[in-house]
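Please look at the sequence and the structure before reading on.

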Amino acid sequence: EGKPDRAELLTLLAASWDAFSAELGHPSLRLVAAEPIAGLDLLAFDEQAVRAVVVQVTAGVDFGELGRALAAAAQVASWDAAALSGIHESLAETVAGDSPQVVLIAGGFDAATVATVEWLARRHGVELSCFAVSFLRFGAERLLTVRRELPPRDAGAPDPAAEVQQL
């Protein structure tokens, strides 16, 4: 079926977050808010890292979408403890001012985005990860495929995002 529509994908992810976060290989991510502010698609809390996670969703990521994700991360990093806990009580555990992790979920990524994400991660320690998603149709069933694009996994490590998951 191909690349998902952004609005449909955003709704699907919010409704099936636990299954989706497990497919990403991040089962400790808890969805705490959908579109809490303009420009921020989903805000999650990583229970293991005790950290906020900005999740940006789009049909296809081009360079402008990466900028939108970084702007959302900067906004979250600017929040004090009261603002964080005002979004969700679990965010009170995070350290105000810390940079959140950024997760980009899209139908695909262009070369400029991939190069920029690699540079930001390698040279500046920004925690960014990219996952490509697409729909497959089997009769009346729609399946969502998830593929980790960046950072690459260790060759010997199993990739939980390599499986097709029914959502």
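Is Thr 145 buried or exposed? Thr 145 counts as buried, because its relative accessibility is 18% (buried means under 20% relative accessible area, exposed over 50%, partly exposed in between, with a 1.4 Å probe and protein chains only).

The model is predicted, so local features need pLDDT of at least 70 and side-chain atom pairs count only at pLDDT 80 or more, while totals for chains, interfaces and linings use all residues. Residues are numbered from 1 along each chain as its sequence is written, and side-chain values use heavy atoms, with hydrogens and water left out.

Thr 145 lies in strand β6, residues 141-150 (strands are DSSP runs of E with at least two residues, helices runs of H or I with at least four, numbered from the N terminus). The side chain of Thr 145 makes a polar contact of 2.6 Å with that of Ser 134 (a pair of N or O atoms within 3.5 Å; within protein, one must be able to donate a hydrogen and the other to accept it, and residues adjacent in sequence count only if both atoms are side-chain atoms).

Helix α2 spans residues 17-24, and its buried residues are Trp 17, Phe 20, Ser 21, Glu 23 and Leu 24. These residues are on the same side of α2, because they cover an arc of only 155° around the axis (taken from the directions from the helix axis to the C-beta atoms). Gly 25 follows α2 and has a positive phi, near 90°.

| Residue | Relative accessible area |
|---|---|
| Trp 17 | 4% |
| Phe 20 | 0% |

The count of aromatic pairs is one (rings of Phe, Tyr and Trp, the last by its six-membered ring, with centres within 6.5 Å; planes under 30 degrees apart are stacked, over 60 edge-to-face and the rest tilted). Trp 17 and Phe 20 form this tilted pair, at 6.1 Å centre to centre with 50° between the planes. Trp 17 and Phe 20 are about one helical turn apart, because three residues separate their positions in α2.
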